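Hi,

Here is the structure I said I would pass on to you. Have a look at it first, and then read my notes below.

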4 protein chains.
Amino acid sequence: MSLNTFGHLFRVTTWGESHGPALGATVDGCPPGVEITEDMIQVWLDRRKPGTSKYTTQRKEPDQVRILSGVFEGQTTGTPVQLMIENTDQRSKDYGDIAEKFRPGHADITYWQKYGIRDHRGGGRSSARETAARVAAGGLARAALDSLAPGIEIEGYMTQMGPHRISGARDMSQITQNPFWVPSAETATLWADYLETLRKSGNSVGAMIEVVARNVPPGLGAPVYGKLDTDLAAAMMSINAVKGVEIGEGMAAAMLTGEDNADEIFMGDDGRPVYSSNHAGGILGGISTGQDIVVRFAVKPTSSILKPRQTITKSGEAAEIITKGRHDPCVGIRAVPVGEAMMACVILDHLLLHRGQIGRNRGTIG
Amino acid sequence: MSLNTFGHLFRVTTWGESHGPALGATVDGCPPGVEITEDMIQVWLDRRKPGTSKYTTQRKEPDQVRILSGVFEGQTTGTPVQLMIENTDQRSKDYGDIAEKFRPGHADITYWQKYGIRDHRGGGRSSARETAARVAAGGLARAALDSLAPGIEIEGYMTQMGPHRISGARDMSQITQNPFWVPSAETATLWADYLETLRKSGNSVGAMIEVVARNVPPGLGAPVYGKLDTDLAAAMMSINAVKGVEIGEGMAAAMLTGEDNADEIFMGDDGRPVYSSNHAGGILGGISTGQDIVVRFAVKPTSSILKPRQTITKSGEAAEIITKGRHDPCVGIRAVPVGEAMMACVILDHLLLHRGQIGRNRGTIG
Amino acid sequence: MSLNTFGHLFRVTTWGESHGPALGATVDGCPPGVEITEDMIQVWLDRRKPGTSKYTTQRKEPDQVRILSGVFEGQTTGTPVQLMIENTDQRSKDYGDIAEKFRPGHADITYWQKYGIRDHRGGGRSSARETAARVAAGGLARAALDSLAPGIEIEGYMTQMGPHRISGARDMSQITQNPFWVPSAETATLWADYLETLRKSGNSVGAMIEVVARNVPPGLGAPVYGKLDTDLAAAMMSINAVKGVEIGEGMAAAMLTGEDNADEIFMGDDGRPVYSSNHAGGILGGISTGQDIVVRFAVKPTSSILKPRQTITKSGEAAEIITKGRHDPCVGIRAVPVGEAMMACVILDHLLLHRGQIGRNRGTIG
Amino acid sequence: MSLNTFGHLFRVTTWGESHGPALGATVDGCPPGVEITEDMIQVWLDRRKPGTSKYTTQRKEPDQVRILSGVFEGQTTGTPVQLMIENTDQRSKDYGDIAEKFRPGHADITYWQKYGIRDHRGGGRSSARETAARVAAGGLARAALDSLAPGIEIEGYMTQMGPHRISGARDMSQITQNPFWVPSAETATLWADYLETLRKSGNSVGAMIEVVARNVPPGLGAPVYGKLDTDLAAAMMSINAVKGVEIGEGMAAAMLTGEDNADEIFMGDDGRPVYSSNHAGGILGGISTGQDIVVRFAVKPTSSILKPRQTITKSGEAAEIITKGRHDPCVGIRAVPVGEAMMACVILDHLLLHRGQIGRNRGTIG
C-alpha cells in the first residue's frame, strides 16, 4: 500500500476525482493470457452504478469502462491494464456551497488542512466515486481468478441496515433480487419501508456488509504483516465510510471462551481436512485454511444529509450546512460490489504472492 | 507491508521464532538524532513480559533487548536499527506433542500445508512471542515521536474480557495499577475472579482492547489506500489472534443515522476547529482531524487450552489434543502494549510520509 | 521499482502500448500546490516528439498530453495525476511482418517466450513510445522541483555518436540549436553528415548521453540500497536500449589511482564546502555533495534496420528480416529528453524522501 | 529498493556498522525447503574475508555468520532468515583522526551534512564491511537457486586493474588460483607486481569486475522498471565505490552500428533459439534470453590512501589528511564476491517474481 496503490504483485493504483474528466485504475502485475473484455468488467460496474433505484444517488452516470492498455485480442498481455471511466454527468452547480463550508463527517476539512487545496466538486478524490475504479479492477481480478483458480466464488451482501439485522433464514438466491443485496426477501421489504421513511426525512443510515470467498485453496497469506486477514482488513478499511472490519467471529471473539471458539479438525472424505465450525473465518495464522473466508465491514451513514448541521467555513466562521444534491440515504448499499472487488483483488494478489514464494503448497496431510 | 515488513518510511521487519536463538526487529528509516537507549526500550518490553502475573504465561524470559546497530553515542544515526532479543528459556520439551498434531485455532495446520516445514516449537514464527519485537520497535517509535512531535500520548487498555465490559466510569490512572490494563479498579477485581475461575478450569477467554492516541496533529494520512485508518486496521489485524478492528464508532456505525453520527464543527477558543463529538475516531477521509485517534480490536481466546479438543495428525489420523505448557488464559492482556506499539509505529510512519509529501500542513482556517 | 512503477514517494507508473488507444503515466505522491498546466508538460514532450527532423522516426504523432486528474485550478492537489497521451497515428500495416518473425535486438522473442502473447504492433509495450510517458512525468517533476528547490537545473546532451565523440570545447548554448542536442556547432555538422550517410545505407548507430543536474542541495540519497546513484542507475538503465550507466568518472574510475581520483575539499567563500574536482559526479556514499550530479548512459544502435538479418519465426523456422517502417537511425537522439526526465523524477523523489526521514540537513560545517 | 532493503520478493535488508557490535542481513521471502547451513554461507564469506592476502586490509575478522532465524533442521522455513556477523576486531583507535576531518572520496562529509551524526569508526554504515552482509545473503540466494533452478552458475572475476586489462586468453580455472580473481595466471603475476609497488607508495587503484550468470532460463525480468538489467544496474551500483555498470556491450554500444550490434537468431539443435553473438548481454527488453547474463562494473580506487590530501574539518578549517589504518590498495578485489552475491540475489528475486506473475514461460517456439 502506498498512498493510492494497493497490492503486492497485483497492484492497483486508482486515480481521478468525482468531477474531473475521468477516473480509473492502473493495474500492474496482472497475469498474461487472462480473457477479458470491457463487457466483462462492465457487468460489475453496472452493479454499483448510481441511479439504479431510488435508494442510490440519482446522478446519472453510464460509468462506461474503457480498456486503454494491456489487453490484446481479448487477452491480457501481462503489461499494465489501464481501466478508464469518463465522467459525463458533472453537475458542478449542485455543490457550490461546499467550496467554503466544511461538511461534517466528510474529508473536506482534513483535505483542506493537509493539502491547502482540494477539488471540492463532489468530494473530489474522497468521493465514493473512486470506488468505481476499484470495481473495475475487481472485475479484472475476478477474470484472472477464474483463469488461475477456477471455482472461487466471491459474494457480498448486506446483513444489517441501521437497527435492522437480516431476519429469518438466509436465501442467497435473493441477493440480486432486491436493491439492498440482502439474502432475504422478507428483510428487503422491511428495509424498503424503513429506508423510504428515512430518505424522505432527509436522514441517512449505516449498514453492515459481509463478503464471503468460497473455494479458496489453503495456503494463501503470509506471516506476519502479509497475513491474508491483514490485507483484507486494509482493503476493506480503505473503502470510503468504512469504520470497522471483522474476520470470522470478529469483534464477538472477545466474548468467547477458548472452548467455544475452537474449530475442531477432522479428516474429510476427500482426504482433506474439514472443520467443525468456522469461527476463524477461514484464516489461521494469517493463512487460508480452505474454509470460506468471511469478512464483514461496517459502513457509516452517509454524511451528506438534508438535516441542518453546524460547521465552520474556511474563514473560520460558524455556519449551518444542509448538503443538497444527489446522495444515497444508505451508502452501504453501493459498498457491496466494492467489498467484493476488494476481496477479489486481495485473493488474486495472494495467489500470485504464494506462487512466487512457494510455487504450490508443500505440505501434505495423510 | 510485505510479508514480514511493516510501514512506508519507518519500516519495521520482524524476524525470529519462539524457540530459536533470538528474535528481533530491523528498523529502517528512523530519523536521525533521536535519543534512545536500551533501557528506554526495555520499559515497554517489561510491560508485555510473560510471567508478570498469574494471568500470563509462566515462561520466564528476561526479554532483554540489545541495540546492535543504528545508534551512536545515545542517538539514532538514521541507519537501520537492529533490536535483538535473545531467547533464553526455551523449554522445548513442553511442546513435543504438537510436532505431529495440529492444534485447533493455531497456525500449525496452515503453516504445514503452505510451507511443508515449520518450526513447531512454541508456535515458531506464529508464536505471540513475535510481538516482543513489535514492542521493541514501538519503543523506538515512541522516542522518535517524542522528538518530532512532542506531546503525543499513546495509551492502550482493555475494555472487555469475555462477557464482562468495563463497568462504571473510566479512571485512566488505574490502567497501570492492575494486571489487566483496565481503567477501573472495580472492574479489575471482577475480572480477577472471573479469570481465575476460567484459568483453573483450563479454559481461556477473548478480550477487547482500545488504543487512543492523543494530540496527534491534523493532516496525517493519505488517500486512498494510504489512509491512516487503513494502516491502523492492517497494523492491528496483523497482531496474533486479532479478529476485528474498529475506528471510532466502528461496527456500531452501521446502526447510526447520519443525524446521530455527525461530528459537528466549531471554532475553538485557540483558533483551531473543535468537534461536538468524535464518532469518527479522529480520522476523516483517512486523514487525522486533530481529535483523539481511537482504535479498538478484538483478541480471540487463547487457542491453547487444557480442554481436550478433536484434531488430526500430519498423517491424517484423528487425535485428541490438550495443549499443555505455559499459556495465558487471556492473551488479550499482553496485546495491550502490542497495540500501543503498532499505534506508535503507524503514527510515526505517517508523520514522516506527511513531511515527505507535504512538508507541513498547507491549509489554514480562519 | 515494481514492474511498471518507479520511485519511492514520487511514484510514476507508466502504462500503454505503442499502438493501443493511449499511453500515459499515473503519478502518485506529487506534492500539492505545484503550478502545472498541460502546456508546461507539452514543452518537454515536444522535445522528444518524433518527426522533428529527418534523423528521427517520421511517425507523425502530436503526442498531446492531457491531465485527467490531480490538478485543480492550475495546481496539483496532492492526489494522483493522470497524464494521458492518445495514440493517433497507428499505421499498423507497416508492422505486419513482425507478428511472426522475431526482430534481432528487440524484445519480440523474450516477450513471446515469457508471456505467450504480445501486442506486436510497433513493439507494443517495449516500444520507445513508452518513454513519452516518462517525459510527461518528468515535466511534472520539474515543476515540482521548481516549487520545492528553485534553482535546480537539469540538462542532457549527446557526447558521442558511434565513433565520433564531441570535439572541441563544449558550448552549452548550442544544445537546443541542433537536432542532436550536442553542445558544439562543429560536432553537429560533422554528425549530420555521418548520420545521413548511415541512414541512407539503412544502418543505425549508438550514442552516449550525459545528463547533469546543477544546484542540487547536499544530503539527497540514502544508504545503502536507496543511494542516489543506485536509483539513477536504475532509472537510466530502465530506458529502452540503454546498456550502461556511469556516475562521474564512471567506468574510467577503474583506471585511476586513489591519488588521482581524490576530490579534495576546501572551504568556499560562502561558507560551504567546495571541491577541487568532481570525479565523484556529485555523489559520495550515495548522498549528494552539492556539486553537479553527472550521469552518462550509452544507448545501443536502433535494432530496426534495413539491412537483412537472420532470425526465426514463432514456428521456429529460419527467416530473414528487414525492418521497414519509420525508425530513427540513432535512437539515442530522442533519449536525451528521456534521460532528463528520469533525472528530474529521481531528484524530486529523493528530495521528498530526504524531507520525510530527515526534515532538513542536520549537520553544519564551520 | 527502500533505503536499506533490496529486492521485490526475495528482500534483503542489511544493517550494521563497521565497528558496532554486529552487522547482518534480514532476508524475507526466501522459499521454504531450501537446504542451508551456516557452513554453506561461510564459504562465500571466506572469499571476501579481509586479511587473506597482502592486497586486502589486514583487519582480522573471522566474519563468522550465524543463522538466527528462519531455518529449522537444516532447511529454510519460508520465514525471515536473520544472518548475523559479529564484529570482533574493532580497533577503533586507528580511526581517531577521522572523527573530525572528512576524508576525500568518502561518505564522511555527506553523512555528516545529512544526518548531523555518524558513527565515524571505520566508516560506520558506509564501510565496505556492509558488503559482508550482502555476501551472506547471496550465499542463501545461491542455495535457493540450486534448489529452484539447478544448473545456474554465477561467476565473477576481475578484468582490469588500473591501466592493466587482462591479457591473453581467459582461463576460468585460474580465477580461484590467484588473489585477484583474474582468469589468467600471466595477468595475475603482472598485477601482483603492479599492486605491490602501488601499495608501498601508499597509493591505491581502481578495478573492473565482470560477473556472468550462466544457464539462466529465458523469461526473467519485466517491463519497464522491473527489467532484469534495471535491477542488476541498481544492485551493482549500490555496492560501495562502484561508479559504472554495463550490460553486454555496455558503454561500447554507443560506438556500434545496428548491423554490428545485431545478435542474429537461429534455431538450435535442441529446439531452442541460439544467437550468433551476445552483444545484448543476455537481456532483451529487460527479459533474459537464455544466453549468459554479462554484467560489468567499475570500482573506484580506495579513497583511503597514505598520500596526504587536502580537506576540511567539521569546524570548517582546512586540514591535511593521511588515512592510516588497514586499507585495501585495490578494493575492487573484494568486490568480486560481492558482485556475485548481488547477481544471485537479483536472479533469485526475478525467478520468484516470474513465477508469481506468470507461473512458467507461456510462449513456445517451433
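Let me begin with open space: the largest pocket has a volume of about 1,200 Å³. It is lined by 38 residues, and those closest to its centre are D:H354, D:R355, D:G359, D:R360 and D:N361. Please keep in mind throughout that this is a predicted model.

Which elements supply at least two residues each to the lining of the largest pocket? They are α7 (332-357) of chain A, plus β13 (273-275) and α7 (332-357) of chain D. The largest share of that lining comes from α7(A), with 4 residues. Sorted by class, the lining of the largest pocket has 18 nonpolar, 14 polar and 6 charged residues.

The second largest pocket holds about 700 Å³ of space. Of its 27 lining residues, A:R165, A:E246, A:M251, B:E246 and B:M251 are the closest to the centre. Two or more residues of this lining come from each of β8 (153-161) and β10 (207-214) in chain A, and from each of β8 (153-161) and β10 (207-214) in chain B. How do the lining residues of the second largest pocket divide by class? There are 11 nonpolar, 4 polar and 12 charged ones.

If you wonder how we look for such spaces, rolling a probe the size of a water molecule over the atoms shows where empty space is left.

**How the copies are related**

Now to chains A and D. Chain A is superposed on chain D by a rotation of 180 degrees, with 0.0 Å of shift along the axis and an RMSD of 0.0 Å. These two copies are therefore related as by a two-fold rotation axis. Which residue of chain A has the C-alpha nearest the axis? That is A:G356, at 1.8 Å from the axis. Both copies use the same surface, as 100% of the contact residues of chain A recur in chain D.

**Strands worth a look**

Chain D has an open sheet of 5 strands with antiparallel pairing, in the order β1-β2-β3-β7-β4. Its edge strands are β1 (5-6) and β4 (65-69) of chain D, each of which pairs on one side only. At the β1 end, β1(D) pairs with β2 (residues 11-16) of chain D in the antiparallel sense, over 2 bridges.

Strand β17 (residues 309-312) pairs with β18(A) in the antiparallel sense over 4 bridges, and A:R309 has A:I321 of β18(A) as its bridge partner. The hairpin has 5 residues between its strands, and A:G316 takes a positive phi near 90 degrees there.

What does each face of β18 (residues 318-321) of chain A carry? A:A319 and A:I321 are on the covered face, while A:A318 and A:E320 are on the uncovered one.

In chain C, the peptide bond from C:P223 to C:V224 is cis, with omega near -15 degrees. C:V224 sits in the loop between β10 (207-214) and α5 (228-237) of chain C. In chain D, a cis peptide bond likewise joins D:P223 and D:V224, with omega about -15 degrees, and D:V224 is in the loop between β10 (207-214) and α5 (228-237) of chain D.

Two residues other than glycine have a positive phi. For C:A241, phi is near 75 degrees, and its place is in the loop between α5 and β11 (242-247) of chain C. For D:W181, phi is about 55 degrees, and this residue lies in the loop between β9 (164-165) and α4 (185-200) of chain D.

Are these two buried or partly exposed? C:A241 counts as partly exposed because its relative accessibility is 23%, whereas D:W181 is buried, with a relative accessible area of 11%.

Happy browsing!

Conventions:
Residues are numbered from 1 along each chain as its sequence is written. Chains are lettered from A and ligands numbered from 1 in the order in which they are written. This is a predicted model: local features need pLDDT of at least 70, side-chain atom pairs count only at pLDDT 80 or more; totals for chains, interfaces and linings use all residues. Side-chain values use heavy atoms; hydrogens and water are left out. Copies are superposed by least squares on the C-alpha atoms of residues with pLDDT of at least 70 in both. Contact means heavy atoms within 4.5 Å. On a 1 Å grid over the protein atoms alone, a cavity is a set of points where a 1.4 Å probe fits but cannot get out, and a pocket is an open set with protein on both sides within 12 Å along at least five of seven lines; lining residues have an atom within 4 Å of a point. Grid points are joined across faces, edges and corners, and a volume is the space filled by probe spheres set on the points. Ala, Val, Leu, Ile, Met, Phe, Trp, Tyr, Cys and Pro count as nonpolar, Asp, Glu, Lys and Arg as charged, and the others, Gly among them, as polar. Two strands pair if DSSP finds at least two bridges between them. Buried means under 20% relative accessible area, exposed over 50%, partly exposed in between (1.4 Å probe, protein chains only).
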